[in-house]
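Open the model in a viewer and keep the sequence panel beside it. The stops below each begin with a selection.

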Amino acid sequence: GRMKPLQRNEIATLEDCRNLENRDGIRYELVGGRPRAMVGGTQAHDRISLNILTRLDTALAGKPCRTNTSNMRVRIPNGNYRYPDASVDCSPMRPNSLYVEAPVLIVEVLSESTRFFDESDKLEEYESIAAMRHVLLVSQDEVRAHLFSGTDGVWPAWPRRFFNLDDVLDLEAIGVTLAMRDIYANMPQGWPVAQNEISSSS
């Protein structure tokens with residue numbers, strides 16, 4: 001049927017977001033009762049996300065936990081729905097479900113422009129999920145990762161920070177280690193470029 005346009009003060013639902021996605025061919029997060037369009041990523045974002053997904057999926061083969069891509073929504077207890085770049089869920093799979101609600105790990109690959117937003121708003125949302133144990137924020141502009149690890153809803157104010165390709169991240173809640181070298185595999189010679197060399201056209 002035809003979609004009726006949302007009125008200004010009307011609270012959107014997951015179904016509204018799905019209708020918009022089917023109509024527009026892009027993903028919409030549900031934030032504060034409003035659909036929010038997701039923008040496409042850079043080649044760096046795509047490569048780093050895929051590196052992480054591949055490593056997680058390989059390491060979790062044969063285990064009860066599953067890796068989800070950026071096409072799987074995560075339901076936040078406050079009613080929002082987010083599309084992180086990767087998530088790992090250890091609860092039984094529900095093949096027809098449109099979202100996961102008990103992820104133990106969430107990964108976001110951030111650009112400079114999204115970093116502040118992601119580290120404030122989304123971080124609080126992800127940490128509010130009862131099952132959550134690790135939130136990993138990875139830069140697409142430089143070798144840098146911030147790992148927040150919490151237990152029983154208690155989260156540190158500051159993450160463990162990693163800046164070195166020789167560093168290894170211990171995702172102990174899922175029994176997986178993630179090497180920075182693997183996260184940034186297949187990035188081109190000369191990357192990262194110094195920020196002042198990037199032209200304003202990018």
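**Stop 1: Arg-94**

Select Arg-94, which is partly exposed at a relative accessible area of 44%; buried means under 20% relative accessible area, exposed over 50% and partly exposed in between, with a 1.4 Å probe and protein chains only. This is a predicted model, in which local features need pLDDT of at least 70 and side-chain atom pairs count only at pLDDT 80 or more, while totals for chains, interfaces and linings use all residues. Residues are numbered from 1 along each chain as its sequence is written, and side-chain values use heavy atoms, with hydrogens and water left out.

Arg-94 sits in the loop between strand S6 (86–89) and strand S7 (99–100). Helices (H or I, at least four residues) and strands (E, at least two) are DSSP runs, numbered from the N terminus. Leaving aside neighbours within four places in sequence, Arg-94 is in contact with Tyr-99 and Glu-101, where contact means heavy atoms within 4.5 Å. Display the side chain of Arg-94: it reaches the backbone oxygen of Tyr-99 at 3.4 Å.

**Stop 2: the disulfide**

A disulfide (cysteine sulfur atoms within 2.5 Å) joins Cys-65 to Cys-90, with S to S at 2.0 Å. The link is right-handed, with 100° about the S-S bond. Cys-65 lies in the loop between helix H2 (43–59) and strand S3 (66–68), and Cys-90 in the loop between S6 and S7, so the pair ties together parts that are 25 residues apart in sequence. Cys-65 is buried at 11% relative accessibility, whereas Cys-90 is partly exposed at 28%. A search of the whole structure finds one disulfide. Next, pick Cys-17, which is buried with a relative accessible area of 1%.

**Stop 3**

Select residues 28–31, strand S1. Tyr-28 and Leu-30 point one way from S1, Glu-29 and Val-31 point the other way, and all are buried. Which residue of S2 is the bridge partner of Tyr-28? It is Ala-37. Two residues lie between the strands of this hairpin, and Gly-32 takes a positive phi near 60°.

**Stop 4: the cores**

Select Ile-52, Leu-105, Leu-136, Val-138 and Ile-174, which touch the most other members of the largest nonpolar core, a set of 28 residues. Such a core is a set of buried Ala, Val, Leu, Ile, Met, Phe, Trp, Tyr and Cys residues joined through side-chain atoms within 4.5 Å. H2 supplies the largest share of this core, five residues. Center on Ile-52, which touches Val-107, Val-109, Val-138, Leu-178 and Ile-183, not counting residues up to four places away in sequence. Apart from this core lies another, of 13 residues, including Val-74, Val-100, Leu-137 and Trp-155.

**Stop 5: backbone details**

Select Asp-152, in the loop between strand S10 (145–149) and strand S11 (160–162). Asp-152 is not a glycine, yet has a positive phi of about 50°, and it is exposed, with a relative accessible area of 65%.

Move to the segment after helix H4 (180–183), where Pro-192 is found. The peptide bond from Trp-191 to Pro-192 is cis, with omega near -5°. Asn-186 lies in the segment after H4 as well. Its phi is positive, near 70°, and Asn-186 counts as exposed at 62% relative accessibility.

Key. Pairing = 2+ DSSP bridges. Polar contact = N/O pair within 3.5 Å; in protein donor to acceptor, adjacent residues only side chain to side chain.
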